[in-house]
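Reader: Please take me through one part of this protein closely. I would like to look at its salt bridges.

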Amino acid sequence: MNNGPGLFSDIGKTARDVLTRDYISDQKFSVSAASDTGVVLTSTAVKKGGLLNGDVGAQYKYKNTLIDVKFDTESNIATTLTFSDIIPSTKTVVACKLPDYNSGKLEVQYFHRHATFTSAVALNKEKPAVDLSATLGAPTFAFGAEACYETPSGKLTKYTAGLSVTRPDSCASVLLGDKGDSIKASYVHHLDQVKKSAVIGEISRKFSTNENTFTVGGVYSVDNLTVLKAKLNNHGKLFALLQHEVVPKSLLTIASEFDTKALDITPKLGLSLVLKP
């Protein structure tokens, strides 16, 4: 499944990961443990503002089936079942969140050497919707589109198009979204062969409001255990984080957000500790 162009959601993913992943502004603690039977239990607590939320999850893989169940402090039960290769080169995902019976979703992904297709159906009685996406190309070049069709109104509520070009040391992508009202272009250049250090530039424009956002950022691998990341946009928002692998697979992350145009405002600080077996 990995020899084709990837899913449409993978277009621009490298840039999104560098600019958004692990930038936190709250406090998070997570610990996981694995049993001899293969069940992985994870308990997570998150403090955001004055509120404390948590969840307990269990994950189990049996042959080509992955079962993921999560209970949270708001009495919700989220269940995701993933089936690989029920039909060759496909992946099927069934998800629901109780007690909201309208949150169910069925998604089928098909992978081909030169194309990928996804079809997702929202199991909502009031507003059933169908999401479709297709991507053509190869691992080095891909273009595609996605759309959402609401059956009650008979209208397309979302459509997006994009393309990406990937080279051994760089990756560029362009996404036209919001029904053609916005465009986002990004470029990532890797600084080492293992792709742990990189610089990135991203520009986005909202045509209806003439709003432009330009962001530059980077990630630098200090050593095999420590990573530094930072980004700055034209609105004066500066973000920085340090991530250290305290023990194998367990990460300590410290992140902060500054408003360079309002230095009298107290910076936001985020802290995360994730312990895995």
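This is a predicted model: local features need pLDDT of at least 70, side-chain atom pairs count only at pLDDT 80 or more; totals for chains, interfaces and linings use all residues.

Author: Start with a definition. A residue is buried under 20% relative accessible area, exposed over 50%, and partly exposed in between. K158 has 33% relative accessibility, so it counts as partly exposed.

K158 forms a salt bridge with D131. Their closest N and O atoms are 4.0 Å apart. K158 lies in strand β11, residues 155–167, and D131 lies in strand β9, residues 129–138. The pair therefore ties together parts that are 27 residues apart in sequence. D131 is partly exposed too, because its relative accessibility is 22%.

K158 also forms a salt bridge with E146. Here the closest N and O atoms are 3.9 Å apart. E146 sits in strand β10, residues 141–150, and is 12 residues from K158 in strand β11. With a relative accessible area of 25%, E146 is partly exposed.

Next comes another pair. K206 forms a salt bridge with D181, and the closest N and O atoms are 3.5 Å apart. K206 belongs to strand β14, residues 198–206, while D181 is in the loop between β12 and β13, so this pair ties together parts 25 residues apart in sequence. K206 is partly exposed at 29% relative accessibility. D181 counts as buried, because its value is 19%.

Now go back to K158. Shared partners join D131, E146 and K158 into one network of salt bridges. A search of the whole structure finds six salt bridges. The protein around them has one helix and 19 strands. Its side chains include 31 positive and 27 negative ones.

How values were computed: Residues are numbered from 1 along each chain as its sequence is written. Side-chain values use heavy atoms; hydrogens and water are left out. Helices (H or I, at least four residues) and strands (E, at least two) are DSSP runs, numbered from the N terminus. Lys and Arg count as positive and Asp and Glu as negative; His and the chain ends are not counted. The place of a charge is taken as NZ of Lys, CZ of Arg, CG of Asp or CD of Glu. A salt bridge is a side-chain nitrogen of Lys or Arg within 4 Å of a carboxyl oxygen of Asp or Glu. Buried means under 20% relative accessible area, exposed over 50%, partly exposed in between (1.4 Å probe, protein chains only).
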